[in-house]
Amino acid sequence: MLEPLVRFFAPKPLSVIPYYVAGAVVFSILVVILLINLPARARKPLIAIVTFLAGLFYATEFFWPIDEATNKNFLTDYLVSASKLGSLLAGMTLTLGILSLLRVHGRNVVRLRSGWYNSLALLTAMVAMVIFGFMDKYSDNATAKRVFNVLFEGMLINMDATMFSLIAFYIVSASYRAFRIRSIEATILMTAAFLVMLAQVPVGLALTSWIPRDGVWDFLRLEVIKEWLLTVLNAAALRAIAFGLGIGSLAISLRIWLSLERGAYFEKEI
Amino acid sequence: MEQLWQDFLSRPGIYIGGICTLALMSLIYRENAVYRFFEHIFIGLAAGFSIVALVKNILDPFLYRPVFEKGEWYWTFVFMFGLLFYFIHSRKYNWLSRLPIGFLMGFSAGQTFQIFANTYLPQLSDSFRPLYVTTPDGAVDIARGVNNLIFMIVLVTVMSYFFFSFEQKSRAIRNSAQFGRWVMMVAFGAIFGTTIMARMALLFDRMYYIFGDWLRLVR
Amino acid sequence: MQGSVWQKLQSIDRRILYALLLVVIIVPLFLPIRLPTVTMPSTQRLYDAIESIPPNGFIIISSTWSGGTRAENMPQTIAILRHAMQRRLRVAVFSFDVQGTQLSLDIAKRLAQEYGYEYGKDWVHWGFRPQAEVVMKSMVRDIPGTFDKDYDGKPTKDMPVMQGIRDIKDVHAIVEIAASGIYASWIGLVVGVNPDLKFGFCPTSVMVPETYPYLASGQIVGTMEGMRGAAEYESLLRKPGLASVGMGSISLAHVLIMLLIVIGNIGYFASRGRRS
Amino acid sequence: MQHAFEKIWPVLIVEVLTAIIIIWRIISAQRGKELFIRRIPGLNAIDEAIGRATEMGRPVLMVPGIGGFGIIALQALSIFSYIARSTAKFGNRILMPVADPTVYTVAEEVIRDAYQAEGHPERFEPDSIRFLSDRQFAFASGVAGLIQREKIASSFMFGEFFAESLIFAETGNMVGAIQVAGTTQTTQIPFFIAACDYTIIGDEYYAASAYISRNPTMLGSLVGQDFGKLMVASLCVLGSIAATLVALNVPVLGDAGKWLVDLFTIR
């Protein structure tokens, strides 16, 4: 019974592809017209069904018994297609984001609002990157490749690195301000940070490097304390937090999958 | 001057990169016109790069090539389905955008089962640590036994901090939760302390870029 | 204005803090400062492992990092290559990262010149290799087949440097320099299959804690812990370089932060004492 | 582990049982059982922070992190929808820079709904929600600039944050904003604690929407989650005892312990 369906969806020779694509487009438009005329009370259940089916694919793939020899079940081979499908759908929203940028900054430029030249710079940079990015990929023009290199390696990568490095400054002001012996918690936070900081640099390590290794007092060496903090205390605390997060994410996933979620987006009449 | 110009032409990326670095770094003094200008360029470049990446890494390999080179015409449906997103700005048919959004939500939710099993179950079995440990030559390893005990106590008390509905009922849980919170502060302090090194290395790299790569004042 | 000294100590303007940080980072670039070096056991173990490779042994260096972690990973790459070349080992470099390929190629070319290494005879660069796990699985059984071409697309089959290298058993050591958790795949797919292989790992400093269990179990033979590890390695090699300079800056920055915390607390305590 | 059947028992005992308990608690909560939940101070501070923005007449900033669209971003949006209802009521200006285009699309919908629900759809400015960049540090530069230019009065950061967390929190601190933050990325919590007024930790993040809305369905889910956590914690203790019995070579009990440890050991 499935045979004709499978054959229908199988890859087709390139010569007839345009017809199939056109057919799919027309069919989809018809479905949309049908959806538009759907009675309002059927909308939510429809969305719930789509959500459920999408989740059901991954859930079934995970829970369905597997063939020992191949380590697969009947859905495993579709995982790659599913992830492509997800990327494709999510990727299509980028246009909406770009439209938001164009709308906000295009308006600034057209109406010459204060700072319009910044918006113009943004739009120019975007267009330049698009043009030279595509030329770099799809043409052999050497100048275009050089310009792209300046835009990408010279500007984008260096700007990434610079913003990242600003954290070094912020970490100084944050630790200066926050690490005060105000409360028990702040004191604990500060002491742990202080000990680890000492153990990070040679000047600090030198403070305890005279204690013989493998001796009785070995555990007082800063690097030993640091390793203990990180492998015993830290590992255990982070794992406990992670268990809570895991169960929380499981709960939310269930609620969304089964359309049990509540809150603004989910309760609105549509 | 002529020499500077020649040097610029021989390595324009480094010069422009240096100027970008200084412009963005000025933020730490205060937000200013130069920063603002480069911030906008940065966002523009990033947006342009995302568009190129979308075509190069998604539309081309997942849509165009399967359909027009391999004859997998059914991907057209996915594209048409994705177009429903654009109804989001429609007043009347806005709900149609909820179909692809719901689909993506379901996709994300459905994967949680596998992610949970892969992430947390190995951690659970790794937490089964014996409180009595012997070294390979048969001696009792007290240090490791004690560490394992501490590990377990920390794990349980920190978890008890995250009980939301049991707390009021039991004083024991309240105390244990308080202790758990303190241990978490130790952990957070330690994370803070270890991260400084990496961030300072980044700043050092920037300074090396300016004074070494660009200005060639250091070797 | 209650502008007492104590009050001022606990509310220093952030721009002064930032200026101080810039000073402690920049000055050591121009005036290298000598700080005491304490060599961590993990660094020593990596050094000893490379020392124990017989002359003309074969070492693979994987350089999976990009410009973002240059400050930490570049000195590590230089140090390990330098050590291998000092000991006249045969060196193969490659990368699972596009940027890392170019960066490691530049470094290796420069050092090869310094140590008189001839390309194709003493060393080879296998270029960029996507899909780490596939590569690892296949190199266990067949190295010439896995790395059949070098970075330039030239066949590696007839290069003298590859003579006698068939599978992973002919390799003495692998050192991975990475900004990611790729060591787990190496351990799972390569080291686990051939326990005699020495596997060294050079992580960025944020990743160091992850490596402790593997160091303890010996699955990782030794590490360079971020830039500090590279500086220790440089001093073991008696060739102070970028990491030693950088550690000067970074150590001072740590000292600065600790000083500021102390000053802030003194101010806080003193002014609180007065109020009460 | 690619499939449940590679090691079915731990999956059944921990994951499936927890899921069943959660669903069961949700259903029983919907039947109207009174439920208790402990205080989460960071979330109580939300109203205080909005109130201050109203007094100062300066904008409220909301950042849903830089992660992609998924359950974490959705949770952030439900918190923001609650905040938006207050700002709709008091007429504060809001700013919401977004880093993921899908999240941006949904965020606009969620916030507009919130304004509509409060009966002030005219107060909603579509441009207040902006897609900035999906590139981590380009987004960070944009948000940092925005915070300083607009001199925001309060800042809410919920979602997935990575290294850029401190850039947002410190620039916010510089302009004197009240800041409330929460993230599932535990390694960023220390930086939020250092620079924000209130930080919610760990799965308080997933409890947030239940806590704020007091919706019975969600509270029920929270109680179910507690049972899940209790089970995991008990298993850890039990497992350690079992492992100890194995190490001590206790007859019979040692075998039972080995059975339990093996039951859960993966690979």
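Of the 310 residues in the largest nonpolar core, the ones touching the most other members are Met200(B), Leu21(C), Phe80(D), Ile111(D), Phe156(D) and Phe158(D). Helix α7 of chain B (residues 171–214) gives the most to this core, 21 residues. A core here is a set of buried Ala, Val, Leu, Ile, Met, Phe, Trp, Tyr and Cys residues joined through side-chain atoms within 4.5 Å. Buried means under 20% relative accessible area, exposed over 50%, and partly exposed in between, with a 1.4 Å probe and protein chains only. Helices are DSSP runs of H or I with at least four residues, strands are E runs of at least two, and both are numbered from the N terminus.

Some housekeeping: this is a predicted model, where local features need pLDDT of at least 70 and side-chain atom pairs count only at pLDDT 80 or more, while totals for chains, interfaces and linings use all residues. Residues are numbered from 1 along each chain as its sequence is written, chains are lettered from A and ligands numbered from 1 in the order written, and side-chain values use heavy atoms, leaving out hydrogens and water.

Back to Phe156(D): not counting residues up to four places away in sequence, its contacts (heavy atoms within 4.5 Å) include Ile46(D), Val63(D), Phe80(D) and Val180(D).

Now the A/B interface. Here 116 residues of chain B are in contact with 123 of chain A. The two chains bury about 11400 Å² between them, 82% of it on carbon and sulfur atoms; that is the accessible area (1.4 Å probe) lost on being put together, summed over both. On the chain B side, Trp73(B), Trp95(B) and Arg98(B) lose the most area to chain A, together 8% of what that side buries. The rule finds 2 salt bridges across this interface, a salt bridge being a Lys or Arg side-chain nitrogen within 4 Å of an Asp or Glu carboxyl oxygen. Arg239(A) forms a salt bridge with Asp126(B), closest N and O atoms 2.8 Å apart.

Then the rings. There are 58 aromatic pairs over all chains, meaning Phe, Tyr or Trp (six-membered ring) centres within 6.5 Å, with planes under 30 degrees apart stacked, over 60 edge-to-face and the rest tilted. Phe9(A) and Trp73(B) make a stacked pair, 5.5 Å centre to centre with 5° between the planes. Phe9(A) is partly exposed at 32%, whereas Trp73(B) is buried at 2%.

| Arginine | Ring | Distance to ring centre |
|---|---|---|
| Arg129(B) | Phe151(B) | 3.8 Å |
| Arg15(C) | Tyr29(B) | 4.7 Å |

Conventions. Lys NZ or Arg CZ within 6 Å of the ring centre and 35° of its normal.
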